[in-house]
Amino acid sequence: MKKIYCFSLIAMLAVFNLMADELVSVPVATLTHDGVATQFYGATALKDAHAAAVSGDVITLNSGTFNACNITKGITLRGACMGTTTEMSQAGMKRTLIRGNFNIKVPQTDTQTLNIEDCNLYSIVCVDSVPQISFTRVTNRYYYTSLTGYAVTTTHMLVRPGVGKFEAIQCSFYNIVTVALSSNSNITNTSTTFLFSNSAISFYNSLLPAHVTMDHCVTGEWDSPDNNIVYDGVFSNCIFTYYYSSYPSLSQLPMGCTARNCVAVNPNAFTLCSSQNCKSNVSLSTLYNTSITSNAYGCYTEYLRDEAAATYLGTDGTQVGIYG
């Protein structure tokens with residue numbers, strides 16, 4: 001499938017936004033180990049704190065811009081704010097930005113969950129190997145790049161089969177790629193269990209994961225399902241925003257999946273799966289004010305229009321998506 005985007009404009013906007021978001025405060029990483037706090041300063045503060053940490057420690061980052069580092073320990077990495085809403089800015093909350101590509105490779109023998117919280121990633125992240133990883137209030141930024149050796153040309157986050165459990169709560173992730181092999185492949189990752197809650201997610205240039213549970217999520221594009229594997233995805237109270245009429249199988253839930261109380265722009269979204277109380281062929285303009293914000297993959301992070309919010313409620317009566 002061929003798509004044309006304004007690459008130069010996107011790149012210019014990304015650079016402009018990054019410059020506008022640069023923070024003047026000195027980056028400080030505070031490492032807490034056995035109740036003792038040690039502080040590290042400057043752009044390399046995160047790397048220095050990680051070097052001194054052991055599994056189970058907590059690294060707290062202030063509002064500022066930090067250089068990324070490879071993560072090899074089951075730590076908790078906690079920023080100040082992901083900085084995505086007007087309300088946060090008005091409240092004086094300033095974000096923690098981690099800039100630069102990094103690799104996550106935690107030994108399978110590590111019993112601690114790797115937690116990453118309250119930060120914005122301006123990075124390409126390869127989650128190579130980790131028993132369990134959890135993201136809470138984390139967002140990444142959209143831009144085009146080439147990632148040599150990872151077999152994908154447009155990605156923010158590559159999740160390899162060495163990952164056991166991948167969880168995201170109130171996150172916004174564009175371009176999650178979940179191929180099984182390091183070479184270019186149409187074989188989806190069948191080793192990792194994905195859990196998403198109140199998040200905005202897209203799997204552009206990637207197959208839908210075999211084992212995925214989504215609740216109160218807004219989901220954009222993914223490619224056609226892999227007919228050689230068995231899916232067991234469960235989607236509850238979700239909005240599927242992507243539809244490309246020339247490729248109706250895009251963002252179509254495959255056989256084996258279950259959808260409950262979901263709505264979709266794609267009229268074919270629920271044709272193959274088991275669905276309960278779902279509605280397809282919904283106009284995107286009735287869900288969101290598309291003149292304000294959208295992205296190439298149909299993954300929206302705004303509040304629903306008032307009428308849509310009153311019509312398409314989750315089973316618990318709350319907002320669907322990242323602000324639920």
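This is a predicted model: local features need pLDDT of at least 70, side-chain atom pairs count only at pLDDT 80 or more; totals for chains, interfaces and linings use all residues.
## The chain as a whole

Let's start with the overall picture. The protein chain is built with five helices and 21 strands. It has 324 residues, and 52% of them are buried.

The largest nonpolar core holds 58 residues, and I104, F166 and F196 have the most contacts inside it. Strand β9 (residues 125-140) supplies the largest share of this core, with six residues. A second, separate core has 12 residues, including V218, I239, L287 and Y312.

## Aromatic rings

The model contains 10 aromatic pairs. One of them joins F135 and F173 in an edge-to-face arrangement, with 5.2 Å from centre to centre and 85° between the planes. This pair links distant parts of the chain, as F135 sits in strand β9 and F173 in strand β11 (residues 172-173), 38 residues apart. Both F135 and F173 are buried.

F196 and F203 make another pair: their ring centres are 6.1 Å apart and their planes meet at 75°, so this pair is edge-to-face too. F196 and F203 are both buried. Stepping back, ring pairs join F135, F166, F173, F194, F196 and F203 into a cluster.

How many salt bridges does the structure hold? There are three. In one of them, R78 pairs with E117, and the closest N and O atoms are 2.8 Å apart. R78 belongs to strand β5 (residues 76-78) and E117 to strand β8 (residues 114-122), so the bridge ties together parts that are 39 residues apart in sequence. R78 is partly exposed, at a relative accessible area of 33%, whereas E117 is buried at 15%.

D118 forms a salt bridge with R137, with 2.6 Å between the closest N and O atoms. Here D118 lies in strand β8 and R137 in strand β9, so parts 19 residues apart in sequence are tied together. D118 is buried, with a relative accessible area of 13%, while R137 is partly exposed at 29%. R160 forms a salt bridge with D128, and their closest N and O atoms are 3.7 Å apart. Since R160 is in strand β10 (residues 157-169) and D128 in strand β9, this pair ties together parts that are 32 residues apart in sequence. R160 is buried, at 14% relative accessible area.

## Cysteines

If you are wondering about disulfides, the count is zero. C119 is in no disulfide, and the nearest cysteine sulfur, that of C171, is 8.8 Å away. C119 is buried, with a relative accessible area of 1%. C81 also counts as buried, at 1% relative accessibility.

## Two residues to look at

Is S236 buried or exposed? S236 counts as buried because its relative accessibility is 14%, under the 20% cut-off. S236 is placed in strand β17 (residues 234-236). Not counting residues up to four places away in sequence, S236 touches M214, D215, H216, R260 and C262.

P267 lies in the loop between β20 (263-264) and β21 (274-276). With a relative accessible area of 30%, P267 is partly exposed. Leaving aside neighbours within four places in sequence, its contacts are Y243, S280 and N281. The C-alpha atoms of P267 and V282 are 7.7 Å apart, although 15 residues separate P267 and V282 along the chain.

Definitions and conventions: Residues are numbered from 1 along each chain as its sequence is written. Side-chain values use heavy atoms; hydrogens and water are left out. Helices (H or I, at least four residues) and strands (E, at least two) are DSSP runs, numbered from the N terminus. Buried means under 20% relative accessible area, exposed over 50%, partly exposed in between (1.4 Å probe, protein chains only). Contact means heavy atoms within 4.5 Å. A nonpolar core is a set of buried Ala, Val, Leu, Ile, Met, Phe, Trp, Tyr and Cys residues joined through side-chain atoms within 4.5 Å. A salt bridge is a side-chain nitrogen of Lys or Arg within 4 Å of a carboxyl oxygen of Asp or Glu. A disulfide is a pair of cysteine sulfur atoms within 2.5 Å. Rings of Phe, Tyr and Trp (its six-membered ring) pair if their centres lie within 6.5 Å; planes under 30 degrees apart count as stacked, over 60 as edge-to-face and the rest as tilted.
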